[in-house]
Amino acid sequence: MSQVAPESMTESPGAMTPTSQHAADPLPFEHPPKLKGRQRILQSLQRISSTPSLAKLGRASPSSYRTGNKASMSCVSLTSPTFSQGHSYGHSYSSQSSAGFSTAPTSVAGTPCTDSFIHDSRVRVRLVNGNDSTGYFPQGLTSVPLPEEVRTAAKDAQVSYPSALMAEQMISIPGAIVKVKQLRKRANFDFWDEMPHEIKVQILSFLSPKQIVRCSMVSKAWRKMCFDGQLWMIINTETFYRQISSASLVKLLTAGGPFIKDLNLRGCVQMEKKWKYEGQKLSNLCQNLENLSLEGCRIDESTIHFFLLRNSRLVHINVSGLLEINNSTMEIIARCCPQLQHLNVSWCRKVTTSGLHKVVQSCPKLTDLRAGEIKGFDDPIFLLSLFETNRLERLVVCRCDDLDDESLKLLIQGRDPEIDPLTDRPMVPPRALRHIDFSRCDNLTDIGIQSLAHNVPHLCGLQLTLLAVTDASLTTLLPTIPNLTHLDLEELEDLTNVTLQNLATSPCALRLQHLNASYCESFSDTGMLPLIKACPSLHSLIMDNTRISDLSLVEAAAQLRLRDRACPTLPPAAQKPEITLTLVAYDCANVTWTGVREILSRNAEPHRRSIISLKCFYGYQDTVNEHTKRVLKGDCRAAERLERKWGDYMVASEEAGATGAGARRRRRRARDAAMVHADEEEGGPRGGRRRARSGGCAVM
């Protein structure tokens, strides 16, 4: 910045403001060159500091300002707008903000200025000779910035300007050492490594066991993490028991250890040798089991006992089909598993009702007992214990030859019950049974089934496969079980349409969901039509090897259509239908392609919420499956096209089999219809053209 001395100021030759419009034009001045860098910053600061508002701030002088010594004057204006010697000029080089002095960086001829310089004691002078005691100003500086007290720039500029100016001065000094602060490089952030271990385990818990084992091959850290016990609280090998080796199973059991609560090793026969040598060790590790399933395993008796002795929290035990299970195992269960609720010992030939009696007496929470093919169901002590406890909700005694009518009466009514004189029925508390399976109990007849009437009001499922019962027993029983939802009458040859008609009028018709009438050869449309109309909740109807005809299929399609129309709101066009009724009607001599086509036609109607899944004659099944697949995808037009071409093919086939004139033409038309239907069933012709078909090699 140029220093201004009093003797260097010259008086203006005349007034700068013209007195009239015809005054001489202002003198042409040469524009100063554009400044850059430091000079441009200093020029801007000089203009800012020349404003008259700075004199009114009234702040105290900083310690760096001195008034008695020689030094270069600051770029702050030396006068205030109230100074008596100040002038105001109207020339374009002056303004009210310049307080009568030039704001240009240099003085040129004709620049207006004061007539004489009058020293004011209030003027502040700043020393920049580098000898400042504060050490703030380095040596070699020829100018200094404005003090922070009088700056009007932004806060960021106030902080950054001194550092930038000092750095520029230091660079301009030869031999100066410039210190640049280096930014610390941020270390790489590994998202997975920095994640807490608990969150990693939670993420891996969404994978299947097979996927977790594959992830363990990534590294040692991943191996340790993938075999964390929290990931193996549930070990269920039903989907991969054939692919996993015995060593891998032992590793999983060791990794899970006390974390395992649900252990299902169904069908793992490869562990036969491992159980003998490591059975006790594995049982010591797994002491918090709640569900244990060893169905179909080849496991020794001692290992089973070890598991039962060390797991007192067992709730579900499934050891069906194990030849090593015997009555001593039942004694251990009765002594060590007081929380037991579900026990499955079906097909355990060494178990009898004497061992089950101890379990029933010692396990007060037992509600599900499955004892198929167990000997001793004619034991009155065991039957009376079941009657007195009255806790069982599910009883499966299929293929129990020892269960006869008297045993069933003792189980349901007890010994010598009191008879109601008005109704002539035994006065006993109602049984808690909800599901009963008497399948293939050859010694049960109508007398035993009739003993269930009025004694099992909560019954929901009843299986009577291959029993010697007639319409009389079911006519008595069905009106007394209003909560019935599943009924299995498979291969009951003595039943007639009377049973179906009584079922349609019974209170359970509104809740019935599943009916199996397979191989009931006396059932026909007479009993099936009223049943289909009276059961709105029906989801599964098995009618194979019966005398039903196309009328039953048509009625089922019509009733399902009425249910859709009864819905208060129709589904949107984008919503796809769902299968809500499954019909099985194969090997029915009276069912033809006409009834099958009626179901396909109803399924392909637009805006259907529910459709029928049909299992029929194997010659029609491929077309039915393709049609159902298109309907489920929402492509009703393609389904209608397939149904129409299949109908044309069936009509042409029937005409081709007729005798008389035109037989050759009918056979040719049948072949053409068959090719068109085959193309449509395979997805339609390619590019609008029928795919070429070869008739085969004549030689071969």
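This is a predicted model: local features need pLDDT of at least 70, side-chain atom pairs count only at pLDDT 80 or more; totals for chains, interfaces and linings use all residues.
1. The residues that line the largest cavity divide into 7 nonpolar, 1 polar and 2 charged. These lining residues are Leu-386, Phe-387, Asn-390, Arg-391, Leu-392, Leu-395, Leu-411, Arg-431, Ala-432 and Leu-433. The space inside the largest cavity comes to about 90 Å³. In total, 4 cavities of 30 Å³ or more are counted.

2. The chain has a mean pLDDT of 79, and 70% of its residues reach 70 or more.

3. How do helices H12 and H13 pack, and at what angle? Helix H12 covers residues 380–389 and helix H13 covers residues 405–413; their axes lie 7 Å apart, at an angle of about 30°. Angles under 35 degrees count as roughly parallel, and H12 and H13 are therefore described as roughly parallel to each other.

4. The contact between these two helices can be followed residue by residue. H12 contributes Pro-380, Leu-383, Leu-384, Leu-386 and Phe-387, while H13 contributes Ser-407, Leu-410, Leu-411, Ile-412 and Gln-413. Sorted by class, the contact of H12 with H13 has 8 nonpolar, 2 polar and no charged residues. Leu-386, Phe-387 and Leu-411 take part in this contact, and these residues are also among those that line the largest cavity.

5. Which residues make the contact between H19 and H20? On the H19 side they are Trp-593, Val-596, Leu-600 and Asn-603, and on the H20 side they are Tyr-620, Val-624, His-627 and Val-631. By class, this contact of H19 with H20 has 6 nonpolar, 2 polar and no charged residues.

Key: Residues are numbered from 1 along each chain as its sequence is written. Side-chain values use heavy atoms; hydrogens and water are left out. On a 1 Å grid over the protein atoms alone, a cavity is a set of points where a 1.4 Å probe fits but cannot get out, and a pocket is an open set with protein on both sides within 12 Å along at least five of seven lines; lining residues have an atom within 4 Å of a point. Grid points are joined across faces, edges and corners, and a volume is the space filled by probe spheres set on the points. Ala, Val, Leu, Ile, Met, Phe, Trp, Tyr, Cys and Pro count as nonpolar, Asp, Glu, Lys and Arg as charged, and the others, Gly among them, as polar. Axes are lines fitted to C-alpha atoms, for helices over the stretch in contact, and angles run from 0 to 180 degrees between N-to-C directions. Helices (H or I, at least four residues) and strands (E, at least two) are DSSP runs, numbered from the N terminus. Angles under 35 degrees count as roughly parallel, over 145 as roughly antiparallel, 65 to 115 as roughly perpendicular and the rest as oblique. Contact means heavy atoms within 4.5 Å. pLDDT is the predictor's confidence in each residue, from 0 to 100.
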